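Work through the exercises below with the sequence and the coordinates open. Each task is followed by a solution in steps.

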Amino acid sequence: MTKEHNFSAGPCVLPKSVLQKSSEAILDFDNGLSLLEISHRSKPFVDVMEQARALALELLGLEGKGYKALFLQGGASTQFLMVALNLLEKRAGYLNTGTWSDKAIKEAKIYDDIYEVGSSKSANYNYIPKGYEIPSDYDYFHCTSNNTIFGTQMKKFPNSPVPMVCDMSSDIFSRQLDFSKFDLIYAGAQKNMGPAGTILVVVKEDILGKVSRKIPSMMDYKVHISKGSMFNTPPVFAVYTSMLTMQWLKDLGGIKAIEKENEMKARIIYSEIDLNPLFKGYAVKEDRSMMNATFTLENENLKETFDAMWKEAGINGLNGHRSVGGYRASMYNALTVDSVKALVEVMSELESKA
């Protein structure tokens, strides 16, 4: 059976070798026992957790720099509140660049003192705000590096005078950055790292323990750090598969190597969007995402024909989010260049027919 070209925005496409190894582990992970039925406290799985945490820091270049990596549950949506619980004492600033940053603001506003330092909401988030200021008396600054729904991505990050928190759910491990600029990074696994069910949190320890409120144990980063990300039963399959995906990336040559592939994929798709008169890109060009290319048809009468063509070509997950409409090609790390070329071929063929 031929695998479809999977442009789904999440859960993401995974490397074939990772799918193979993770499926084998379900049947036999440790002396005939399934990964799903061994004790999460057993040495074989504790080793998996330790390797996953170590790989995350290694890939980000944060080893020995005061950071801890955690694999938790609840997705990025839980982090919207958890960040505020652990870091907010007086006030914090948020950059509003899309649906998920808007939700992060909503959750953190439970504590009232949340301010938007910049927003592109009035333009339906088709660009990244610039020229904003981050007051030095804020407890932290929060941003979202990539916006899956609208297809925008922060190309530069501010030199923040306060701890910088970033939701990197949809572009973690996809491009080289100075990750030491960030004091806390969180990323749901299901968009570029593994299956749904776990979230990676990378936090600089010295920013913790400075709020006066009592923090529930399950929401306290310090508790999870002290327990090696094993305070409660972890999502074993999601952590294991994320570990395999990070090892796959390391074997490829790490973030530096995958960034070149991602840049190539982005060039191919955006070139077709710009040159083909039947299509129009949604995001402002300078803020276009390498991970999620959003575009629409100039003539909606061609929609039925185009939809039939890309489905016939074995392409999956191309429909855009209802907030934007049109189409969204999500090109996460494991998506091949050949898949992008297959989509571009269909787009070009539509032009020849029109």
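**Exercise 1.** What is the strand order of the open sheet of three strands, and is the pairing parallel or antiparallel?

*Solution.* The model is predicted, so local features need pLDDT of at least 70 and side-chain atom pairs count only at pLDDT 80 or more, while totals for chains, interfaces and linings use all residues. Residues are numbered from 1 along each chain as its sequence is written, and side-chain values use heavy atoms, with hydrogens and water left out.

Step 1. Helices (H or I, at least four residues) and strands (E, at least two) are DSSP runs, numbered from the N terminus. Two strands pair if DSSP finds at least two bridges between them.

Step 2. The order is β11-β12-β14, and the pairing is antiparallel. β11 (279-281) and β14 (327-330) are the edge strands, each pairing on one side only. From one strand to the next, the twist averages 35°; axes are lines fitted to C-alpha atoms, for helices over the stretch in contact, and angles run from 0 to 180 degrees between N-to-C directions.

Step 3. β11 and β12 (residues 292-297) run antiparallel and are joined by three bridges.

Step 4. Contact means heavy atoms within 4.5 Å.

**Exercise 2.** Locate K191 and decide whether K191 is buried or exposed.

*Solution.* Step 1. K191 sits in the loop between β9 (184-188) and β10 (199-204).

Step 1. Buried means under 20% relative accessible area, exposed over 50%, partly exposed in between (1.4 Å probe, protein chains only). K191 is counted as buried because its relative accessibility is 16%.

Step 2. Beyond four places in sequence, K191 touches residues including A9, T148 and Y332. A polar atom of the K191 side chain lies 3.3 Å from the backbone oxygen of A9.

Step 3. An unreviewed UniProt entry lists K191 as "modified residue: N6-(pyridoxal phosphate)lysine"; such annotations may be inferred rather than shown by experiment.

**Exercise 3.** Which backbone oxygen does the side chain of N276 reach?

*Solution.* Step 1. N276 lies in the loop between α7 (254-275) and β11. N276 counts as buried because its relative accessibility is 1%.

Step 1. The side chain reaches the backbone oxygen of M347 at 2.9 Å. Leaving aside neighbours within four places in sequence, N276 is in contact with M347, S348 and E351.

Notes
A polar contact is a pair of N or O atoms within 3.5 Å; within protein, one must be able to donate a hydrogen and the other to accept it, and residues adjacent in sequence count only if both atoms are side-chain atoms.
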